[in-house]
Amino acid sequence: MPTLSVEKDLLFVHVGRTYTDEEFDELCFEFGVELDEITSDREEAEKSSGSTLTAKQLEAYSDAVVYKIDVPANRYDLLCVEGLSRALRIFLGDIEAPTYQLSGDPVYTMTVKKPNTDKIRPFVVCAVLRDITFNKQRYESFIDLQDQLHRNLCRQRTLVAIGTHDLDSTKPPYFYDARDPKSIKFVPLTPDDREFVSSDLLEFYETDPTAKHLKPYVSIIKDSPVYPVILDSNETVLSLPPIINGNHSKITLDTKNVFIECTATDLTKANIVLDTVVTMFSEYCSKPFTVEPVTVQFEGANGSIESSYVTPVLSTRQEKASVDFCNSLIGINLSPQEMKILCNKVQLGPAELVDDEKFLRVTVPPTRSDILHPVDIAEDIGIAYGYNKIVKKVPTTSTVGGEFTLNQFGDLLREEIARAGYIEVLTHGLCSIHDNFTALKRPITHAVSLSNPANVEYQVVRTSLLPGLLKTLQHNKSASFSAGFKVFEISDIVLPDDKHVVAETIVGARNARRLCAVYAGPTSGFEIIHGLVDRVMTLTEIAPDPAYAGTDVLRSDEEKFRVSREGWMYKIAAIDGEQDPTANTYFPGRAAVILLSTPSKPEPTPIGTFGMLHPEVLATFDILYPSSCVELDLEALM
């Protein structure tokens, strides 16, 4: 959870009340945050330095009481003293939630050179805080909020980077471009005593101890052929996102008009970040809670404007939740009218009752991007009502906990496969389209995909366990393969399914529990992995088909003593290269499909495949030894 450090006296000035430490701790609990620690800058300095600081050096640190408050990770509006104190005052009923608004039509424009910025950070959003008044405490809080957002929602500036500038020191309109690193020259905030070429500046940040706080961000753009850059109409560099702002437009205590730009790879998060910054600090403007918008326009390769939008969005929306659902989830019995009033305490007002007062429609302000579902509304109503007021009740139902049958089955099977010499591994549930399909010589079909993957390795949810095992072998080439290398995994894959229903909702996909094992080494052969298949079937009390068992005299004798479920039988058959999309993964003529017959489904049904992997598949994963594998559906064996 993010932690907000704020001086006790400053916080109480903002809240307009004073509390003892115990009273404030109780207030935090009621509001849904946690007072984690009560300390001071001097005490923190003593802890961090041990005994290396002298008494005179310690005197330079303040002994003012500091509260360290843990806030929920999705409550970005509580990451500064302005947001926390405002929320507390609304919760206590001292003030009503403010209405955030735009000042009118946009005056300034930000023109994005789309063909260039698409290569690195395609989005930008902007706003202006007009006629703002800073003092030392407000200025420090303004900087601290940006740092908090960068660490949390912005994911260390990889998703969003915030730039703030003294508007009066720049010349609009503004431009967002991506240029050759050698062509970008400016004086940065750190160090501010000389001009740098952007590529040299990043080298400086990587190596100089005075810039160690900027070093973690260098890798975000360093290897890119172009660097993003914000400029004004004089071609003055305002910032090199996501690294550093220019010294020319730096903000001081005398700044009256602030220009804010957020470059991003995720437009949704960029809008949330911008909305958070302007809603927190617009209270210091001459017209409180009023923000000046900026038009962002995208210029195509031919110089024409392809699209545009106005920011900040200051998104205000409405969400619905059932009154009965909220009461049931919280464990209370409030009337619709009481519930409606409580919404005002948690910034979800004005609320109204609809559908014969069966549903509550709340108003979600731009500060509450965490409200996504009726559960979130019910949680906030519970906070507004007070957790301490909820009466403890004995559950009306009596249940006995137990391990989920499928998990228990998987655990038992893991032990037996490990006894057969296989090492269990646990691989990522996400993989690239290439690894999931192309690398296995399988056609690219529908899979559950991520709309905004972190990188190419996490594009889709796996539909097979095999790529993970092959990558495990690939990254363990230094291990000895002379005696063979056996690995296995029992885990879930996710398959598209338009008919799968969960809680009366068609989710479009379903989980399937699979077993996959790979044997790589000089002696790897079809018969080795075939033996594992037979062993798994024996353990699950599934008998071989009489015709299949009769192919081996010794095996037919063994069948007299086999324990098996009546009507459950299996057999293997040559894989059909035209019908089975997994056939190309295997060496031709050295692969088989596992067919299962049950009392409910007498017709043999494919539940898995096994065989020798194709040399081209092994070459793709850089595996030097012959390998055999099996992958089958465990749920079909239950």
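## Strand 15 and its partners

In this predicted model, strand 5 (residues 108-113) runs parallel to strand 15 and is joined to it by six bridges. Within this pairing, Thr109 stands opposite Thr295 of strand 15. Strand 4 (residues 101-102) is likewise parallel to strand 15, the two being joined by two bridges; here Gln101 has Thr290 as its bridge partner.

Antiparallel pairings also involve strand 15. Strand 6 (residues 123-129) pairs with strand 15 in the antiparallel sense over two bridges, and Val128 stands opposite Glu292. Strand 16 (residues 305-311) is antiparallel to strand 15 and is joined to it by six bridges, with Tyr309 of strand 16 as the bridge partner of Val296. Strand 15 and strand 16 form a hairpin in which five residues lie between the two strands. Gly303, located in that turn, has a positive phi of about 90°.

## Packing of helix 2 against helix 5

Two packed helices are described by the angle and the distance between their axes. The axes of helix 2 (residues 21-31) and helix 5 (residues 81-92) come within 11 Å and cross at roughly 80°. Helix 2 is therefore roughly perpendicular to helix 5.

From helix 2, the residues Phe24, Leu27, Glu30 and Phe31 take part in the contact, meeting Leu84, Ala87, Leu88, Phe91 and Leu92 of helix 5. Of the residues in this contact, eight are nonpolar, none is polar and one is charged.

## Backbone exceptions

Most residues other than glycine have a negative phi, and most peptide bonds are trans. Two cis peptide bonds may be described here. The bond from Thr190 to Pro191 is cis, with omega near -15°, and Pro191 is placed in the loop between strand 9 (185-186) and strand 10 (196-197). Pro241 and Pro242 are also joined by a cis peptide bond, with omega of about 0°; Pro242 lies in the loop between strand 12 (237-240) and strand 13 (244-245).

Gln156, although not a glycine, has a positive phi of about 55°. Gln156 belongs to the loop between helix 7 (136-151) and strand 7 (160-166) and is partly exposed, with a relative accessible area of 37%. Gln347 is not a glycine either, yet has a positive phi of about 60°. The loop that holds Gln347 lies between helix 12 (336-342) and strand 18 (352-354). Gln347 is buried, with a relative accessible area of 7%.

## Cysteines

A disulfide is a covalent bond between the sulfur atoms of two cysteines. The structure holds zero disulfides. Cys126 is in no disulfide, and the nearest cysteine sulfur, that of Cys262, is 7.8 Å away. Cys126 counts as buried, at 0% relative accessibility.

Technical notes:
Residues numbered from 1 in each chain as written. Predicted model: local features only at pLDDT ≥ 70, side-chain atom pairs only at ≥ 80, totals over all residues. Heavy atoms only, no water. Disulfide = S-S within 2.5 Å. Buried < 20%, exposed > 50% of the residue type's maximum accessible area, 1.4 Å probe, protein only. Axes fitted to C-alpha atoms, helices over the stretch in contact; angles between N-to-C directions. Helix = DSSP H or I, 4+ residues; strand = E, 2+ residues; numbered from the N terminus. Parallel < 35°, antiparallel > 145°, perpendicular 65-115°, else oblique. Contact = heavy atoms within 4.5 Å. Nonpolar A, V, L, I, M, F, W, Y, C, P; charged D, E, K, R; others polar. Pairing = 2+ DSSP bridges.
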